[in-house]
Structures are given as structure tokens and as C-alpha cells.
Amino acid sequence: MSEYCGPVVGDDGLARPPWAAHDEMLREYYDTEWGLPVRDERGMFERICLEGFQVGLSWKLILQKRQALREAFFHFDPDAVAAMSSTQHLLDDATLIRNPKKLNAVLTNARATIALRSQGTDLARLVWSFQPERTPEPETAEDVASQSPESEALAKELKRRGFTFVGPVTMYALMESTGIIDTNLVGTWRRGASGVWPL
């Protein structure tokens with residue numbers, strides 16, 4: 001018998017997806033931030049970096065490390081990060097994700113973000129240009145895809161522009177978390193909360 005994967009109604013009477021229904025930190029993130037539109041350069045840069053750190057790890061761990069990562073990377077100011085000469089000094093900091101490739105990716109992606117400005121676009125605008133014509137309408141967690149043609153195309157374009165740790169699965173998660181698509185389960189209280197997609 002498979003585990004129930006539809007909306008879960010909490011003690012407060014609000015329906016949430018299973019991933020956000022039981023853990024306090026994940027519930028707070030879902031209720032206040034996940035899926036809301038991110039349209040500024042710094043905000044999108046931070047989300048791309050955090051999604052990169054999440055590869056192979058849990059999102060809860062990333063949220064636990066988020067403030068330390070912000071402090072280590074100048075609150076994800078692309079200009080300040082791009083000026084860093086190395087991330088070697090961060091490898092001994094247990095408050096961070098101490099993966100040298102992921103740490104270095106933040107520098108690489110900061111420089112790629114800055115380069116976009118001279119190419120007639122910016123990071124947020126580029127990412128949003130891959131918004132699909134329709135958003136998914138999942139009824140259970142099993143209905144939520146892990147990637148899409150748009151996330152594949154976005155990943156390909158970002159890699160072409162010099163970004164790293166931006167695979168199609170990671171970019172699909174980015175599109176979910178920044179409101180570009182709405183994968184809130186039908187019946188959950190935040191379905192349509194982004195204002196990007198009609199209910």
C-alpha cells in the first residue's frame with residue numbers, strides 16, 4: 001500500500017503538500033516564501049546557488065545552513081562574491097556546505113551573473129524568459145515532475161553562459177521555488193499564491 005501523497009491538512013486547518021506538512025522549518029518556508037516570484041538579480045542568484053548546494057542533499061539542510069552561507073558570500077551580492085579570489089578559507093567552516101566544487105560554483109556563477117549585464121539581460125530576466133505557457137496542476141506529490149522541456153532549455157542556456165551546478169532537475173526546482181511554475185498541489189492553501197498563474 002503506497003503512502004498517501006496528497007494534500008495534508010495541519011492542525012491549523014491549512015492543507016499543504018506532504019514535504020511541508022510535518023517539519024516546522026519546511027512548513028514556515030512553504031508558508032512564507034516558496035513559490036513566490038523572485039524577479040531581482042540578487043534574489044535569483046541566491047536561489048540558483050542554494051539549489052546548487054542542495055544537489056544530493058536535503059532542502060532542510062540547506063535552510064539550516066542558509067544564514068551561514070549568506071554571511072560567507074556577502075548575502076549573495078554577485079559583485080562582492082565575484083571579487084573573492086578563492087573559497088579555500090571556507091572549507092574549514094562547519095556551518096557551511098563544505099563541498100569545494102559547490103563553493104567554487106558560487107564564484108563561477110557570480111561572474112557569469114555579472115557578465116549577463118553586458119549581454120543585454122540580467123539573471124532574473126533570463127531565467128523568467130523560460131516560463132512555460134501553462135503551469136502544472138498536480139493533485140499528488142507523485143504528479144509533480146522532476147524536470148521539464150523548459151528546465152532543460154534553461155539549464156542548457158545557463159551552462160552556455162558559463163554557469164555551473166544548473167542541471168535540468170535543479171533548474172526545475174528553481175522554477176518551482178521562484179514562482180515561474182506553480183506546483184502547489186491542487187487543494188493546498190497556497191495554490192495560486194504567486195499571482196503569476198490563475199487558480
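**Close-up views of a predicted model**

No disulfides are found in a search of the whole structure, which is a predicted model.

View 1. Cys 5 has a relative accessibility of 15% and counts as buried. Cys 49 is also buried, its relative accessible area being 4%.

View 2. The search of the whole structure finds 14 salt bridges. In one of them, Asp 31 pairs with Arg 16, and the closest N and O atoms are 2.9 Å apart. Asp 31 belongs to helix α1 (residues 24-32) and Arg 16 to strand β2 (residues 15-16), so that the pair links distant parts of the chain, 15 residues apart. Asp 31 is buried at 19% relative accessibility, and Arg 16 is buried at 2%.

View 3. Glu 41 and Arg 117 meet through their side chains at 2.8 Å, N to O. Because Glu 41 lies in helix α2 (residues 41-54) and Arg 117 in helix α5 (residues 100-117), the pair ties together parts 76 residues apart in sequence. Arg 117 is partly exposed, with 36% relative accessibility.

View 4. Glu 157 and Arg 160 form a salt bridge whose closest N and O atoms are 2.8 Å apart. Both residues lie in helix α7, three residues apart, about one turn of the helix. Glu 157 is buried at 16% relative accessibility, whereas Arg 160 is exposed at 60%.

**View 5. A salt-bridge network.** Salt bridges link Glu 33, Glu 46, Arg 47, Arg 66 and Arg 70 in a network.

**View 6. A negative surface patch.** Glu 137, Glu 139, Glu 142 and Asp 143 form the patch. Asp 143 sits in the loop between α6 (123-128) and α7 (149-160) and is partly exposed, with a relative accessible area of 46%.

Definitions and conventions:
Residues numbered from 1 in each chain as written. Predicted model: local features only at pLDDT ≥ 70, side-chain atom pairs only at ≥ 80, totals over all residues. Heavy atoms only, no water. Patch = residues over 30% accessible without salt bridge, like charges linked within 9 Å, V, L, I, M, F, W, Y side chains within 5 Å. Areas by Shrake-Rupley, 256 points an atom, 1.4 Å probe, with all protein chains shown as cover. Salt bridge = Lys/Arg side-chain N within 4 Å of Asp/Glu carboxyl O. Lys, Arg positive; Asp, Glu negative; His and termini not counted. Charge placed at Lys NZ, Arg CZ, Asp CG, Glu CD. Helix = DSSP H or I, 4+ residues; strand = E, 2+ residues; numbered from the N terminus. Buried < 20%, exposed > 50% of the residue type's maximum accessible area, 1.4 Å probe, protein only. Disulfide = S-S within 2.5 Å.
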